[in-house]
Amino acid sequence: MSSMNSLNATPRGERLHIGIFGNRNAGKSTLFNALLGQDLAVVSPVSGTTTDPVSKAMELVPVGAVLLTDTAGLDDVGEIGELRISKTQEILKKCDIAIVLGNAEVTHENVIYINNEYTDKFASNIEQIRAELITSAQKIKAEPQSPIISDLLSPDDVVVLVTPIDGSAPKGRLILPQQQTIRDILEAGANPLMTLPKGLSATLTKLTAPPRLVITDSQVFAEVEGILPPEIPLTSFSILMARRKGVLAWAVAAAEVIDSLKSGDKVYICEGCTHNVQCDDIGRVKLPKALEKHTGAKLNFAFTAGGDFPDVQELTETKLIIHCGGCMQSRREMASRQSVADEAEVPMCNYGIALAFVSGILTKCMQGLTSDEYLFENSK
(Lines give C-alpha, C1' and ligand atoms only; values in the text may rest on other atoms or scores of the structure.)
Protein backbone atom coordinates (compact mmCIF):
# COMPACT_ATOMS: atom_id res chain seq x y z
CA MET A 1 0.00 0.00 0.00
CA SER A 2 1.38 3.40 -0.91
CA SER A 3 1.88 6.10 1.71
CA MET A 4 -0.95 8.13 0.18
CA ASN A 5 -3.34 5.18 0.44
CA SER A 6 -2.24 4.65 4.03
CA LEU A 7 -3.04 8.24 4.89
CA ASN A 8 -6.45 7.98 3.27
CA ALA A 9 -7.35 4.60 4.82
CA THR A 10 -10.42 4.45 7.05
CA PRO A 11 -9.21 4.65 10.69
CA ARG A 12 -9.56 1.54 12.82
CA GLY A 13 -11.97 3.30 15.18
CA GLU A 14 -14.32 4.13 12.30
CA ARG A 15 -14.48 0.59 10.91
CA LEU A 16 -17.18 -1.96 11.67
CA HIS A 17 -15.55 -4.66 13.82
CA ILE A 18 -16.40 -8.29 12.98
CA GLY A 19 -15.12 -11.18 15.08
CA ILE A 20 -15.13 -14.93 14.37
CA PHE A 21 -15.68 -17.11 17.46
CA GLY A 22 -16.02 -20.78 18.29
CA ASN A 23 -14.34 -23.72 19.95
CA ARG A 24 -10.99 -25.10 18.81
CA ASN A 25 -10.98 -26.67 15.33
CA ALA A 26 -14.40 -25.23 14.50
CA GLY A 27 -13.00 -23.74 11.28
CA LYS A 28 -12.62 -20.13 12.41
CA SER A 29 -9.34 -19.53 10.59
CA THR A 30 -10.65 -21.25 7.46
CA LEU A 31 -13.64 -18.90 7.41
CA PHE A 32 -11.38 -15.92 8.19
CA ASN A 33 -9.22 -16.69 5.16
CA ALA A 34 -12.26 -17.37 2.95
CA LEU A 35 -13.85 -14.01 3.80
CA LEU A 36 -10.55 -12.21 3.18
CA GLY A 37 -9.86 -14.09 -0.03
CA GLN A 38 -6.28 -14.78 1.10
CA ASP A 39 -4.45 -17.22 3.37
CA LEU A 40 -3.53 -14.89 6.21
CA ALA A 41 -4.30 -17.12 9.22
CA VAL A 42 -2.53 -20.46 9.68
CA VAL A 43 -4.94 -23.38 9.20
CA SER A 44 -4.13 -26.78 10.73
CA PRO A 45 -5.97 -29.84 12.05
CA VAL A 46 -3.95 -29.42 15.25
CA SER A 47 -6.20 -28.19 18.04
CA GLY A 48 -5.40 -24.65 19.24
CA THR A 49 -3.43 -23.47 16.20
CA THR A 50 -4.69 -19.89 16.61
CA THR A 51 -3.18 -18.61 19.84
CA ASP A 52 -3.72 -14.85 19.57
CA PRO A 53 -6.31 -12.69 17.80
CA VAL A 54 -5.42 -11.96 14.17
CA SER A 55 -7.02 -8.87 12.62
CA LYS A 56 -7.16 -7.61 9.06
CA ALA A 57 -8.70 -4.44 7.65
CA MET A 58 -10.75 -5.07 4.53
CA GLU A 59 -13.56 -3.68 2.37
CA LEU A 60 -16.86 -5.52 2.65
CA VAL A 61 -18.68 -4.47 -0.52
CA PRO A 62 -21.14 -2.72 -0.46
CA VAL A 63 -20.91 -2.02 3.30
CA GLY A 64 -17.48 -0.40 3.31
CA ALA A 65 -14.48 -0.58 5.60
CA VAL A 66 -14.48 -3.30 8.28
CA LEU A 67 -11.99 -4.97 10.61
CA LEU A 68 -12.17 -8.78 10.59
CA THR A 69 -10.66 -10.70 13.53
CA ASP A 70 -9.91 -14.40 13.96
CA THR A 71 -9.75 -15.61 17.58
CA ALA A 72 -8.51 -18.50 19.70
CA GLY A 73 -10.93 -21.25 20.75
CA LEU A 74 -13.39 -20.53 23.51
CA ASP A 75 -12.78 -24.04 24.91
CA ASP A 76 -9.00 -23.70 25.20
CA VAL A 77 -7.46 -25.41 28.22
CA GLY A 78 -4.69 -24.90 30.74
CA GLU A 79 -3.25 -21.74 32.24
CA ILE A 80 -2.21 -20.35 28.85
CA GLY A 81 -5.57 -21.40 27.43
CA GLU A 82 -7.34 -19.28 30.03
CA LEU A 83 -5.32 -16.27 28.93
CA ARG A 84 -6.25 -16.96 25.30
CA ILE A 85 -9.93 -17.21 26.20
CA SER A 86 -9.64 -13.91 28.05
CA LYS A 87 -8.20 -12.26 24.92
CA THR A 88 -11.01 -13.75 22.85
CA GLN A 89 -13.61 -12.40 25.28
CA GLU A 90 -12.02 -8.94 24.98
CA ILE A 91 -12.49 -9.09 21.19
CA LEU A 92 -16.11 -10.18 21.69
CA LYS A 93 -16.81 -7.08 23.78
CA LYS A 94 -15.31 -4.81 21.10
CA CYS A 95 -16.86 -6.30 17.97
CA ASP A 96 -20.06 -5.06 16.32
CA ILE A 97 -20.90 -8.45 14.80
CA ALA A 98 -20.00 -11.89 16.16
CA ILE A 99 -19.85 -14.84 13.75
CA VAL A 100 -20.18 -17.96 15.90
CA LEU A 101 -19.19 -21.37 14.54
CA GLY A 102 -20.41 -24.70 15.88
CA ASN A 103 -21.97 -25.07 19.30
CA ALA A 104 -19.99 -22.39 21.16
CA GLU A 105 -22.01 -20.13 23.44
CA VAL A 106 -21.53 -16.37 23.33
CA THR A 107 -23.54 -13.40 24.54
CA HIS A 108 -23.83 -10.67 21.92
CA GLU A 109 -26.72 -8.73 20.39
CA ASN A 110 -25.51 -9.15 16.78
CA VAL A 111 -24.70 -12.82 16.17
CA ILE A 112 -24.49 -14.87 12.99
CA TYR A 113 -24.62 -18.57 13.90
CA ILE A 114 -23.06 -21.14 11.57
CA ASN A 115 -23.54 -24.79 12.51
CA ASN A 116 -20.94 -27.52 12.08
CA GLU A 117 -22.37 -28.82 8.82
CA TYR A 118 -22.34 -25.31 7.39
CA THR A 119 -18.75 -24.86 8.55
CA ASP A 120 -17.59 -27.88 6.58
CA LYS A 121 -18.83 -26.34 3.33
CA PHE A 122 -17.18 -22.92 3.27
CA ALA A 123 -16.09 -23.35 -0.35
CA SER A 124 -19.68 -23.70 -1.59
CA ASN A 125 -21.41 -21.54 1.02
CA ILE A 126 -19.03 -18.61 1.45
CA GLU A 127 -21.24 -16.29 -0.62
CA GLN A 128 -24.26 -17.17 1.51
CA ILE A 129 -22.25 -16.47 4.66
CA ARG A 130 -21.02 -13.21 3.15
CA ALA A 131 -24.61 -12.23 2.28
CA GLU A 132 -25.71 -12.80 5.89
CA LEU A 133 -22.78 -10.72 7.09
CA ILE A 134 -23.60 -7.89 4.69
CA THR A 135 -27.26 -7.85 5.79
CA SER A 136 -26.28 -7.66 9.46
CA ALA A 137 -23.64 -4.99 8.79
CA GLN A 138 -26.04 -2.84 6.77
CA LYS A 139 -28.53 -2.85 9.66
CA ILE A 140 -25.84 -1.56 12.01
CA LYS A 141 -24.66 1.02 9.48
CA ALA A 142 -28.25 2.28 9.17
CA GLU A 143 -28.41 3.10 12.90
CA PRO A 144 -27.99 6.83 13.72
CA GLN A 145 -24.38 7.81 14.39
CA SER A 146 -23.17 10.84 16.30
CA PRO A 147 -21.20 13.16 14.02
CA ILE A 148 -18.20 15.04 15.31
CA ILE A 149 -19.52 18.56 14.70
CA SER A 150 -21.16 18.71 11.25
CA ASP A 151 -24.74 18.60 12.57
CA LEU A 152 -24.15 21.87 14.45
CA LEU A 153 -22.78 23.77 11.45
CA SER A 154 -24.37 25.60 8.53
CA PRO A 155 -22.92 25.95 5.04
CA ASP A 156 -20.23 28.65 4.82
CA ASP A 157 -19.64 28.74 8.59
CA VAL A 158 -15.99 29.32 9.49
CA VAL A 159 -14.46 27.04 12.13
CA VAL A 160 -10.99 27.91 13.43
CA LEU A 161 -8.83 24.93 14.42
CA VAL A 162 -5.93 25.64 16.78
CA THR A 163 -3.29 22.95 16.32
CA PRO A 164 0.00 23.17 18.25
CA ILE A 165 3.12 21.79 16.61
CA ASP A 166 5.33 20.62 19.47
CA GLY A 167 7.50 17.66 20.38
CA SER A 168 4.50 15.34 20.71
CA ALA A 169 3.05 16.22 17.30
CA PRO A 170 3.75 13.59 14.61
CA LYS A 171 6.18 14.65 11.91
CA GLY A 172 4.69 15.59 8.56
CA ARG A 173 1.03 15.03 9.38
CA LEU A 174 -1.90 15.99 11.58
CA ILE A 175 -3.13 13.74 14.37
CA LEU A 176 -6.19 11.63 13.60
CA PRO A 177 -8.84 13.67 15.53
CA GLN A 178 -7.74 16.78 13.63
CA GLN A 179 -8.01 15.00 10.28
CA GLN A 180 -11.44 13.61 11.13
CA THR A 181 -12.74 16.97 12.37
CA ILE A 182 -11.59 18.75 9.21
CA ARG A 183 -13.40 16.17 7.09
CA ASP A 184 -16.58 16.50 9.18
CA ILE A 185 -16.54 20.30 8.84
CA LEU A 186 -16.17 19.99 5.08
CA GLU A 187 -19.06 17.49 5.00
CA ALA A 188 -21.25 20.26 6.43
CA GLY A 189 -20.19 22.67 3.66
CA ALA A 190 -18.39 24.79 6.26
CA ASN A 191 -14.84 26.15 6.12
CA PRO A 192 -12.04 24.91 8.40
CA LEU A 193 -9.28 27.44 9.04
CA MET A 194 -6.14 26.24 10.83
CA THR A 195 -3.64 28.16 12.90
CA LEU A 196 -0.99 27.72 15.56
CA PRO A 197 -1.83 29.07 19.04
CA LYS A 198 0.49 32.03 18.50
CA GLY A 199 -1.30 32.88 15.26
CA LEU A 200 -4.84 32.85 16.68
CA SER A 201 -5.08 36.59 17.43
CA ALA A 202 -3.93 37.58 13.93
CA THR A 203 -6.26 35.01 12.37
CA LEU A 204 -9.30 36.39 14.21
CA THR A 205 -8.52 39.97 13.15
CA LYS A 206 -8.42 38.94 9.49
CA LEU A 207 -11.93 37.46 9.55
CA THR A 208 -14.79 39.71 8.46
CA ALA A 209 -17.11 38.02 10.99
CA PRO A 210 -16.52 35.97 14.16
CA PRO A 211 -16.04 32.23 13.56
CA ARG A 212 -18.88 29.88 14.36
CA LEU A 213 -16.57 27.94 16.67
CA VAL A 214 -12.96 27.56 17.74
CA ILE A 215 -11.67 24.02 18.28
CA THR A 216 -8.35 23.61 20.03
CA ASP A 217 -5.99 20.95 21.23
CA SER A 218 -6.86 20.51 24.92
CA GLN A 219 -3.32 21.09 26.17
CA VAL A 220 -3.41 24.77 25.10
CA PHE A 221 -6.86 25.52 26.54
CA ALA A 222 -5.60 28.26 28.85
CA GLU A 223 -3.64 30.05 26.11
CA VAL A 224 -6.51 29.91 23.61
CA GLU A 225 -9.21 30.87 26.09
CA GLY A 226 -7.13 33.88 27.12
CA ILE A 227 -7.09 35.12 23.51
CA LEU A 228 -10.71 34.46 22.52
CA PRO A 229 -13.44 37.05 23.03
CA PRO A 230 -16.02 35.53 25.45
CA GLU A 231 -18.77 35.45 22.81
CA ILE A 232 -16.90 33.02 20.53
CA PRO A 233 -17.68 29.37 21.39
CA LEU A 234 -14.74 27.16 22.27
CA THR A 235 -14.26 23.39 22.52
CA SER A 236 -11.54 20.79 21.91
CA PHE A 237 -10.85 17.88 19.59
CA SER A 238 -10.89 15.51 22.56
CA ILE A 239 -14.32 16.70 23.70
CA LEU A 240 -15.68 16.27 20.19
CA MET A 241 -14.30 12.72 20.10
CA ALA A 242 -16.24 11.93 23.29
CA ARG A 243 -19.34 13.21 21.51
CA ARG A 244 -18.56 11.06 18.47
CA LYS A 245 -18.02 7.94 20.60
CA GLY A 246 -21.20 8.45 22.61
CA VAL A 247 -19.63 8.93 26.07
CA LEU A 248 -19.88 12.72 26.39
CA ALA A 249 -22.50 12.91 29.15
CA TRP A 250 -20.72 10.32 31.33
CA ALA A 251 -17.37 12.06 30.88
CA VAL A 252 -18.71 15.48 31.82
CA ALA A 253 -20.46 14.15 34.92
CA ALA A 254 -17.23 12.39 35.94
CA ALA A 255 -15.24 15.64 35.84
CA GLU A 256 -16.83 16.77 39.10
CA VAL A 257 -14.88 14.04 40.92
CA ILE A 258 -11.64 15.94 40.27
CA ASP A 259 -12.40 18.44 43.04
CA SER A 260 -12.72 15.63 45.60
CA LEU A 261 -9.35 13.98 44.84
CA LYS A 262 -6.96 13.73 47.80
CA SER A 263 -3.32 12.75 48.19
CA GLY A 264 -2.83 9.02 47.62
CA ASP A 265 -5.97 8.64 45.51
CA LYS A 266 -5.54 6.38 42.49
CA VAL A 267 -6.23 7.81 39.03
CA TYR A 268 -6.04 5.64 35.90
CA ILE A 269 -5.01 7.47 32.71
CA CYS A 270 -5.86 5.37 29.67
CA GLU A 271 -4.66 6.05 26.14
CA GLY A 272 -6.23 4.26 23.18
CA CYS A 273 -3.13 4.20 20.99
CA THR A 274 0.51 3.33 21.61
CA HIS A 275 3.48 5.63 21.06
CA ASN A 276 6.83 6.51 22.60
CA VAL A 277 6.39 8.70 25.67
CA GLN A 278 7.67 12.25 25.06
CA CYS A 279 9.03 14.62 27.68
CA ASP A 280 5.90 16.76 27.20
CA ASP A 281 3.47 13.85 26.72
CA ILE A 282 -0.06 15.00 27.44
CA GLY A 283 -1.25 11.80 29.13
CA ARG A 284 1.88 10.88 31.08
CA VAL A 285 3.20 14.38 31.92
CA LYS A 286 0.93 17.37 31.27
CA LEU A 287 -2.36 15.93 32.51
CA PRO A 288 -0.94 14.57 35.81
CA LYS A 289 0.75 17.93 36.46
CA ALA A 290 -2.49 19.82 35.76
CA LEU A 291 -4.49 17.56 38.08
CA GLU A 292 -2.02 17.84 40.95
CA LYS A 293 -1.77 21.60 40.54
CA HIS A 294 -5.57 21.95 40.60
CA THR A 295 -6.15 19.63 43.56
CA GLY A 296 -3.00 20.39 45.54
CA ALA A 297 -2.74 16.63 46.09
CA LYS A 298 -0.04 14.06 45.38
CA LEU A 299 -1.99 11.53 43.34
CA ASN A 300 -1.24 7.89 42.57
CA PHE A 301 -1.29 7.53 38.76
CA ALA A 302 -1.56 4.29 36.79
CA PHE A 303 -1.37 4.14 32.99
CA THR A 304 -2.57 1.91 30.15
CA ALA A 305 -2.15 2.22 26.39
CA GLY A 306 -3.40 0.63 23.19
CA GLY A 307 -5.75 -2.32 23.58
CA ASP A 308 -5.13 -2.59 27.33
CA PHE A 309 -7.79 -1.37 29.74
CA PRO A 310 -8.08 -2.18 33.45
CA ASP A 311 -10.66 -4.78 34.47
CA VAL A 312 -13.07 -4.43 37.36
CA GLN A 313 -10.61 -5.98 39.85
CA GLU A 314 -7.78 -3.65 38.76
CA LEU A 315 -10.05 -0.67 39.33
CA THR A 316 -10.45 -1.46 43.03
CA GLU A 317 -9.70 1.67 45.07
CA THR A 318 -9.56 3.77 41.87
CA LYS A 319 -11.21 7.17 42.22
CA LEU A 320 -11.22 8.28 38.57
CA ILE A 321 -10.41 7.09 35.04
CA ILE A 322 -9.34 9.67 32.48
CA HIS A 323 -9.43 8.33 28.92
CA CYS A 324 -8.04 9.90 25.77
CA GLY A 325 -10.39 10.99 22.99
CA GLY A 326 -10.67 7.39 21.79
CA CYS A 327 -10.11 8.10 18.11
CA MET A 328 -8.58 4.61 17.72
CA GLN A 329 -11.50 2.92 19.49
CA SER A 330 -14.82 2.13 17.87
CA ARG A 331 -18.01 3.46 19.42
CA ARG A 332 -18.78 -0.05 20.70
CA GLU A 333 -15.33 -0.45 22.27
CA MET A 334 -15.68 2.86 24.09
CA ALA A 335 -19.11 1.74 25.28
CA SER A 336 -17.52 -1.49 26.52
CA ARG A 337 -14.86 0.44 28.44
CA GLN A 338 -17.54 2.70 29.89
CA SER A 339 -19.44 -0.42 30.97
CA VAL A 340 -16.38 -1.75 32.82
CA ALA A 341 -16.00 1.60 34.58
CA ASP A 342 -19.69 1.60 35.52
CA GLU A 343 -19.50 -1.96 36.88
CA ALA A 344 -16.52 -0.95 39.01
CA GLU A 345 -18.40 2.22 40.04
CA VAL A 346 -15.49 4.38 38.89
CA PRO A 347 -16.31 7.62 36.98
CA MET A 348 -14.59 7.85 33.58
CA CYS A 349 -13.65 11.28 32.27
CA ASN A 350 -11.82 12.38 29.12
CA TYR A 351 -8.53 14.25 28.55
CA GLY A 352 -10.17 17.35 27.09
CA ILE A 353 -13.02 17.48 29.59
CA ALA A 354 -10.62 17.06 32.53
CA LEU A 355 -8.35 19.85 31.24
CA ALA A 356 -11.33 22.12 30.57
CA PHE A 357 -12.56 21.49 34.11
CA VAL A 358 -9.26 22.35 35.79
CA SER A 359 -8.99 25.42 33.52
CA GLY A 360 -12.42 26.58 34.73
CA ILE A 361 -13.98 26.61 31.26
CA LEU A 362 -15.92 23.35 30.99
CA THR A 363 -19.33 25.04 30.74
CA LYS A 364 -18.04 27.28 27.94
CA CYS A 365 -16.62 24.27 26.10
CA MET A 366 -19.92 22.39 26.30
CA GLN A 367 -22.11 25.18 24.90
CA GLY A 368 -24.40 23.73 22.25
CA LEU A 369 -22.71 20.30 22.07
CA THR A 370 -25.56 18.38 23.70
CA SER A 371 -29.23 18.69 24.56
CA ASP A 372 -28.53 17.45 28.10
CA GLU A 373 -27.67 20.95 29.27
CA TYR A 374 -28.79 20.20 32.85
CA LEU A 375 -25.71 18.00 33.26
CA PHE A 376 -23.47 21.02 32.99
CA GLU A 377 -25.26 23.63 35.11
CA ASN A 378 -22.95 23.10 38.08
CA SER A 379 -19.78 22.38 36.12
CA LYS A 380 -16.90 24.81 36.21
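**Architecture of the parallel sheet in the predicted model**

Isoleucine 269 has isoleucine 322, a residue of β12, as its bridge partner. The model is predicted, so that local features require pLDDT of at least 70 and side-chain atom pairs count only at pLDDT 80 or more, whereas totals for chains, interfaces and linings use all residues. Residues are numbered from 1 along each chain as its sequence is written, and side-chain values use heavy atoms, with hydrogens and water left out.

Strands β10 (residues 266–271) and β12 (residues 318–323) run parallel and are joined by five bridges; two strands pair if DSSP finds at least two bridges between them. Helices (H or I, at least four residues) and strands (E, at least two) are DSSP runs, numbered from the N terminus. Four strands, in the order β11-β10-β12-β13, form an open sheet with parallel pairing. Because β11 (300–305) and β13 (348–350) each have a single partner strand, they stand at the edges, and one side of each is left without a neighbour in the sheet. The twist from one strand to the next averages 25°.

Helix α10 (residues 248–255) lies across β12 and β13, at about 100° to β13. Helix α11 (residues 282–295) lies across β10, β11 and β12, at about 150° to β11. Axes are lines fitted to C-alpha atoms, for helices over the stretch in contact (heavy atoms within 4.5 Å), and angles run from 0 to 180 degrees between N-to-C directions.

The protein has 14 helices and 13 strands. Of its 380 residues, 50% count as buried (under 20% relative accessible area, 1.4 Å probe, protein chains only). Among contacts between residues at least 6 apart in sequence, 71% join residues at least 24 apart.
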